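The following paragraphs lead through selected features of one structure. Please keep the sequence and the model in view while reading.

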Amino acid sequence: MKTQRTLLAASLAAAFFAPQLRAADDVQSVVVTAQSRKQLVQDVPMTMQVLSTKDIEAIGAKDLADLNGYIPGLVVDATEPTQPGFGIRGVQAGDFGIATDSPVGIYVDGVYTGKTGGALMNFIDVQRIEVIKGPQGTLFGRNSAAGAIAIVTNDPGFQLDAAGHLKVGRFNRANADVMLNLPISGTMAARIVAVRAGSEGWADNAATGKKSGGDKDWATRISLRKDVDVARVVLGLEHENMEQYGRPAFGVIKNPALPLAGYRGVYDAAYTANFVDPFSAPLANDQQGNEGRTFDGANLRIEAPLAGLTFNSTTAYRRFQTHNLTDNDGGARPDLYLTTQDAKRARSFQQEFKLSGKTATLDWIAGLSFYHNNEHQDAGAFVTTGTLDTLSQFAGGDANFAMLFGGLAAAGLPGIRPDSVFSWDETHYSDVRTRSASVYGDTIWHLTPHTNVTAGLRYTRDKKRMTWFVPGRVSPQLDDFLNRFGPLAGIDASAFPSNVIFATAAQLAAAPVTREKDWTDWSPRLVLDHKLNPDTLLFASVARGYQAGGFNIFTPPNPASATRTGQDPSFEPEKMTNFEAGVKLALPAMRATVNAALFAYKFKNLQDIQLYSVGTVPTYNVVASDQKAHGLDVDGRIRLSPRVTLFGGFEYIDQTYTRYQRLDAGGNVMLDLGGQPVGTPRLTAMAGVNMNWELAAGRASVNFQGTHSTAQRCNTDTADLSCLTTATLKTGRAQSKYDLRLGWDSPGSRYGVALIVNNVFDQRYVQSLGGQTEQYGAPYAYLTPPRAIGVEFRASM
């Protein structure tokens, strides 16, 4: 027996520590274009992390949201994929309106994707993802105040190639993708890719009998490449269609007597004790909702020599339509019914020219960029007369409609019941036209063979034209009732308000109201880097980021003021000043790399949208705040043997408000959060291990990795719900998640199979607690999904 154990141990040791038959990826050999130049990642003097195709496959990610946590400091909120949110180092805007921009820029093959419906797309034949932290103004076509995410796809090649993946799993998951690369001639090639992803959903909606929490979309891209001498031309055409049910909202108030019988405007212990556990209580959304997107894009890239220099041109056109109808009361009660709609249409055009050159002492790039975007948004709030009675009672009034219908029913009017409930719909229409032009340059000056100074400067001019239109409510049933019974009952129809949700005098307009504004900015970057030796890079930098100002789509100017001197709903530009110092270290003897950077920044005028009451009805209001933070980014990997690699990273951050105030209708301060935490967890971390070994027939691999974030840091505004602890419900807690991939590849890697388990230990958390009905004591929760198990089959030429 002892001999058998010895032989087994020896076999395992040989399997893991014997030389590999095929070379593994080396992190130092990863080439990136974060500085608009092809460089080894370890030679780039900035904080950035790179995810390869293998990293994406190890997690089974279909879009950026599935990578949450695996790049510490990056947050992707895809609860509603047509309204995604992106944050880097705690800077994340929550405004889903079309009149403001995101401080985090998303780029696909150099094309800026904006922040609304076209920002979160399926991964289609991705080569790598570069996440760059800190302001990026002198390197990309659009200014990105807090950081950038650059997605690079595969261009057509000149070898015949084909590949496909099929993944099936829990919740009727069915994902598939196929790729065909066709050389047409010695100078022309085509690449065709199609992907489809879908699942039934993980939550049973007791009110509709349907599943929620699923997804369903498909996309395709056709790329053509033409090489002319040493020039390259790549044309890409892309289409995507997504259609799925709305996200599940789990109400935590199930007692029909609440909230009116217990909520007094404060979430004290006596009231929160009534909250039920959303993991145990059934989902009951009276509105199943639906969310979808249709997207089309075209991209033409040209790279050619020009008088000893290199010329690059990117021309792109994108258009999309989205709709998002969702339950926003978390339940199925007529007296709290609230459904919202967010629908957008957008068309954008981008043109960017770059010219670059290189000498013994200088490596420079100059760019000229134009960006035009036209976007329309319909924001709808759909309630009932029962909901309006609830709003009236919270404001100290009576249940007017219930009293009216009850009185008429008691008087014997035919067709009237005391429990009658009529629909009441309001819609806010807005249009934005954005025009942006910029010129920028970035130069690396080689002071010595080991020391460089990088200086960059960008000039940007942005112009936005905003149009608001808020017509009166639509309620055919109520109008029919008033026409039939109003005169008989002595009811004056004019006594009924035109709008309640979009109700302030400044918001009601018989005709559209338009405002226009422009902003300019100079954004610099200065970097000093020095190589102590071939394996150690030290760097320090200071950079300023800028994001254009914008408008509050939910607070139109007073229509009575036709000039720009009237009520001004605009916001000043966002500006970030970032200081950074770091080291990139390679340890060849240990087959390891370690990267670390200290950072500190000040962010001014971050535009965020909040739901709160200025009058009697909660409305969306954009709040601009100033913030500051300092922290540490660390990442690294070590190859213990040719068979075993460990990797990990973390970000520590301390982020606080320096200015944040909410004002009431009279201009008085309702809330002041100056000096308090913003909410970002102090620590986010990830770590994992990759193991592989040769078998008699093929190659096996194991990839196990996990993420962790500490508890949310709450302030006096968010503590009531975001840091709640009751006997049945806990929010704002530390969160962990682990993913596993067990794979087998055939000899030559022509085909393979893998088991992918996401959320291995089925760890579930309340992702957020609040929502539109939070103001009336009836919040609802979003929950993280349960464990998902799938099997993936792969084949290639």
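Which residues form a disulfide, and how far apart are their sulfur atoms? Cys714 and Cys723 do, with their sulfur atoms 1.7 Å apart; a disulfide is taken here as a pair of cysteine sulfur atoms within 2.5 Å. The structure holds one disulfide. The torsion about the S-S bond of Cys714 and Cys723 is about 85°, so this disulfide is right-handed. Cys723 has 30% relative accessibility and therefore counts as partly exposed (buried means under 20% relative accessible area, exposed over 50%, partly exposed in between, with a 1.4 Å probe and protein chains only).

This is a predicted model, in which local features need pLDDT of at least 70 and side-chain atom pairs count only at pLDDT 80 or more, while totals for chains, interfaces and linings use all residues. Residues are numbered from 1 along each chain as its sequence is written, and side-chain values use heavy atoms, leaving out hydrogens and water.

An open sheet contains three strands in the order S4-S5-S6, with antiparallel pairing (strands are DSSP runs of E, at least two residues, numbered from the N terminus; two strands pair if DSSP finds at least two bridges between them). Strands S4 (74-77) and S6 (91-92) stand at the edges with a single partner strand each, so one side of each lacks a neighbour in the sheet. Four bridges join S4 to S5 (residues 85-88), and Val76 stands opposite Phe86 in S5.

Elsewhere, Thr339 lies in strand S21 (residues 338-358). Thr339 is buried, with a relative accessible area of 0%.
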